Amino acid sequence: MILGVISDTHDNLINLNKIINEMKKYNVDMLIHLGDFVSPFTLKKIGEELNNIKIYAVYGNNDGDKLYLKKIANEYKIVLEEQPLILKIDEHKLFIFHGYNSSEETVEIAKSIAKSKIYSAVFFGHTHKPYLDFINGILILNPGDASGILNRPTFALIKYPSFSPKIIYME
């Protein structure tokens, strides 16, 4: 199975379309969005384009209209929750969150959660910077910035169950 992981789309539909098309080329089986869609129309686009796969997501700090985002999520059978979302896949538990306070604090939280060895992987967004590390065999991943606001647009692919990650840089 291939997991696609994105974060911080910030309503950039041009980059989102490019990333969705890349994910389709890789035959992504599941999408995890780490927050900051911003507007409901962005989540709707994801639901329309990837309606044949399971989608899990958390709210980010810039997601304003949570009621309408939740309505869209329900319409497209997207699991959308406040952070953190604990996702169970087979015997693995994934810790999914957007971020808290500063970029540095968010990374420290992710590392601390990985050190607990409770989860097979920790995914976070918020910093707009790709981050990839393993602590005690636990994957820590930030797919970066799908919007391209601060850096080149990026997303991540993860082979499951090996948790082999790859960050994809878009043009």
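The legends below describe close-up views of a predicted model. Numbering starts from 1 along each chain as its sequence is written, and side-chain values use heavy atoms, with hydrogens and water left out.

**View A. Helix α1 against helix α2.**
The axes of α1 (residues 13–25) and α2 (residues 40–49) come within 11 Å and cross at roughly 20 degrees. That angle makes α1 roughly parallel to α2 (angles under 35 degrees count as roughly parallel, over 145 as roughly antiparallel, 65 to 115 as roughly perpendicular and the rest as oblique). Axes are lines fitted to C-alpha atoms, for helices over the stretch in contact, and angles run from 0 to 180 degrees between N-to-C directions. Helices (H or I, at least four residues) and strands (E, at least two) are DSSP runs, numbered from the N terminus. The crossing of α1 past α2 is right-handed, a term used if the near helix is turned clockwise from the far one by less than a right angle. On the α1 side the contact (heavy atoms within 4.5 Å) is made by Leu13, Leu16, Asn17, Ile20 and Lys24, and on the α2 side by Phe41, Thr42, Lys45, Ile46 and Glu49. Five of these contact residues are nonpolar, two polar and three charged (Ala, Val, Leu, Ile, Met, Phe, Trp, Tyr, Cys and Pro count as nonpolar, Asp, Glu, Lys and Arg as charged, and the others, Gly among them, as polar).

**View B. Helix α2 against helix α3.**
Here the axes come within 9 Å and cross at roughly 10 degrees, and α2 and α3 are therefore roughly parallel to each other. Pro40, Leu43 and Lys44 of α2 meet Tyr68, Leu69, Ile72 and Ala73 of α3. The contact of α2 with α3 divides into six nonpolar residues, no polar and one charged.

**View C. The nonpolar cores.**
The largest nonpolar core has 25 residues, of which Ile6, Leu31, Leu43, Ile46, Leu80 and Phe155 touch the most other members. A nonpolar core is a set of buried Ala, Val, Leu, Ile, Met, Phe, Trp, Tyr and Cys residues joined through side-chain atoms within 4.5 Å; buried means under 20% relative accessible area, exposed over 50%, and partly exposed in between (1.4 Å probe, protein chains only). Two or more residues of this core come from each of α1, α2, β3 (54–58), α3 (66–75) and β10 (154–159). The largest share, four residues, is from α1. Leaving aside neighbours within four places in sequence, Leu31 contacts Gly4, Val5, Ile6, Met23, Ile46, Leu50, Ile53, Lys54, Ile55 and Tyr56. A second, separate core of 21 residues includes Met30, Ile96, Leu139 and Ile158.

**View D. Two cis peptide bonds.**
Gln83 and Pro84 are joined by a cis peptide bond with omega about -5 degrees. Pro84 is in the loop between β4 (79–81) and β5 (85–89). The bond from Tyr160 to Pro161 is also cis, with omega near 15 degrees, and Pro161 lies in the loop between β10 and β11 (164–169).

Lys77, although not a glycine, has a positive phi of about 60 degrees. Lys77 lies in the loop between α3 and β4 and is exposed, with a relative accessible area of 67%. Asn101, also not a glycine, has a positive phi of about 55 degrees. Asn101 lies in the loop between β6 (92–96) and α4 (103–115) and is exposed, at a relative accessible area of 59%.

Methods: Predicted model: local features only at pLDDT ≥ 70, side-chain atom pairs only at ≥ 80, totals over all residues.
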